[in-house]
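Please look over the sequence and the model shown below before reading on.

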Amino acid sequence: MTNSVADLGQADVILVIGSNTTEAHPIVGIELKRAALRGTRIVVVDPRRIKLVDHAKDWLRIQPGTNVALFNAMARVIVEEGLIDEAFVSERTEGFEALRDHVLRVDLDEAARITGIPVVKIREVARAYASAERASIVYCMGVTQFATGTAQVRTLANLAMLTGQIGRPGTGVNPLRGQSNVQGACDLGCLPDCLPGYQSVSDRDTLDRFCDFWGSERELPAEAGLTLVEMIHAAARGELKALYVMGENPVLSDPDQAHVIEALENLDFFVVQDIFLTETAKLADVVLPAATFLEKDGTYTSTDRRVQLGRKVVDAPGEAKTDLEIVTLVANAMGLGWDEDSPRDVMVEMGAVTPQYGGITYSRLEAEGGLQWPCPDASHPGTPILHVDGFPRGRAAFAVADHTPPAELPDVEFPMVLLTGRHLWNFHTNTMTGRSVGLAELNAAGYVEISPKDAESLCLCEGDRVEVASRRGACVANVRITPGLEPGVVFMPFHFADAPANRLTSGAALDPDSKMPGLKTTPVRISRIV
């Protein structure tokens, strides 16, 4: 996030795109609802009538997979009507001429046909965003989890750069991360092409500097590794022989479940480190029992770059150990001779190798509370808002991209489009929330939402059992008839092992830059189980 969660309330207009915020990020959702009560204009762009629509001024019910067409159309209105921030564009961006020429060729009537949003509404929202003193963008996996996710993010960012809606309170481009500490994991190098601090793994000088710091005698290869989905593909081909999974449940969270299971079973050696025996752990050769967040000390970096301390409350049960203890034991069993460092010691190393964390220490966190990176030295107060005076690369670059339909489209055999997402009472793959008796009573099993018109045409009633099938497999779920869905569009949460939505999704088509699969639009058919 370029800005802080707390300053969303300072926006005059907030575009919420591909984010079921009140269900998937309820604390951020509270901030959005508070903003709406204070008069902020909330614009929701989503194929479903999510609960946030009740607090919004506008709901743009977009056709699934057509975000780029909408963003380009809004950019055309902004350019055509002279709503750009000329000083910002001139002084702080590059590539404007190419973008201007591209969007002026956009046919608004065609964009309306593709997106399902009337031209008058596209113009109204574009004007509201561009003319607001402070306007913010909030987005989530409904933008990124496409084979065109990078193009979607960059064309969305075009809107902020065209209008100068960045670097000030109540503005910015604000992605909501999918899980606790995803931001921190990325910051510290849990990416296949980055070392800590987003330093390129392909830069030999950077690699050598890390090797010197770590006292490594081996020269690390200056090449990117594989993403999770690429690892699964490589394992299925027999090219990846061993896999060590920590705190992840790809059997439920990754696309094409049958392919994932086949790949994991094809490994020569498979280790899972987790707090419960998940669906993935059941396939492992070795399971290492790990401590939960309440059973260890450490830090968490939230979606708005805020580093905070987490404190141990109770001892871990049985033989469970903290992740740090387990990794150190494994390293020393391999003869590496690692010291038994504490989380505080690890934080010192984090600051030494990660420029953004250079001034963040346990002592400061204990005294001051959370600190937002970049915080390069001990005297730095942290950075609530990014890009106030400039961008790390110098000038921000506009992106030119056309709308590309999803790789897999509905047809006669699979005529409906499946959306996937989250439910308020369940988190991710239900490893913890599924074991909570109280939460299970609120939402105990998987389901499929379907529009009243589709339910009528298929002779379905609330609670009926149906088979939901795609080109990769099928699962069974109960029907929920939902007025907020358009005919031809259905929705399933992906939390449930009894109705695994990701048995249906595809990991074949990947974004060329991020390697993200298209999880959000899957052609399916629904059949009543008699």
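The second largest pocket has a volume of about 730 Å³, a volume being the space filled by probe spheres set on grid points that are joined across faces, edges and corners. On a 1 Å grid over the protein atoms alone, a pocket is an open set of points with protein on both sides within 12 Å along at least five of seven lines, a cavity is a set of points where a 1.4 Å probe fits but cannot get out, and lining residues have an atom within 4 Å of a point. The model is predicted, so that local features need pLDDT of at least 70 and side-chain atom pairs count only at pLDDT 80 or more, whereas totals for chains, interfaces and linings use all residues. Residues are numbered from 1 along each chain as its sequence is written, and side-chain values use heavy atoms, with hydrogens and water left out.

The lining of this second largest pocket comprises 29 residues, and Ala24, His25, Ile27, Val28 and Ser180 are those nearest its centre. At least two lining residues come from each of helix 1 (21–24), helix 2 (26–37), strand 12 (298–301) and strand 13 (306–310), and helix 2 gives the most, with four residues. Helices (H or I, at least four residues) and strands (E, at least two) are DSSP runs, numbered from the N terminus.

A search of the whole structure finds one cavity of 30 Å³ or more, and about 40 Å³ of space lies in this largest cavity. Its lining is made up of Val229, Ile232, His233, Asp254, Pro255, Asp256, His259, Val260 and Gly507. Helix 12 (228–237) and helix 14 (257–265) are the elements that give two or more residues to that lining, with helix 12 giving the most, at three residues.

Elsewhere, Phe210, Phe213 and Trp214 in helix 11 meet Glu349, Ala352 and Val353 in helix 16, contact meaning heavy atoms within 4.5 Å. By class, this contact has five nonpolar, no polar and one charged residues.

Methods:
Ala, Val, Leu, Ile, Met, Phe, Trp, Tyr, Cys and Pro count as nonpolar, Asp, Glu, Lys and Arg as charged, and the others, Gly among them, as polar.
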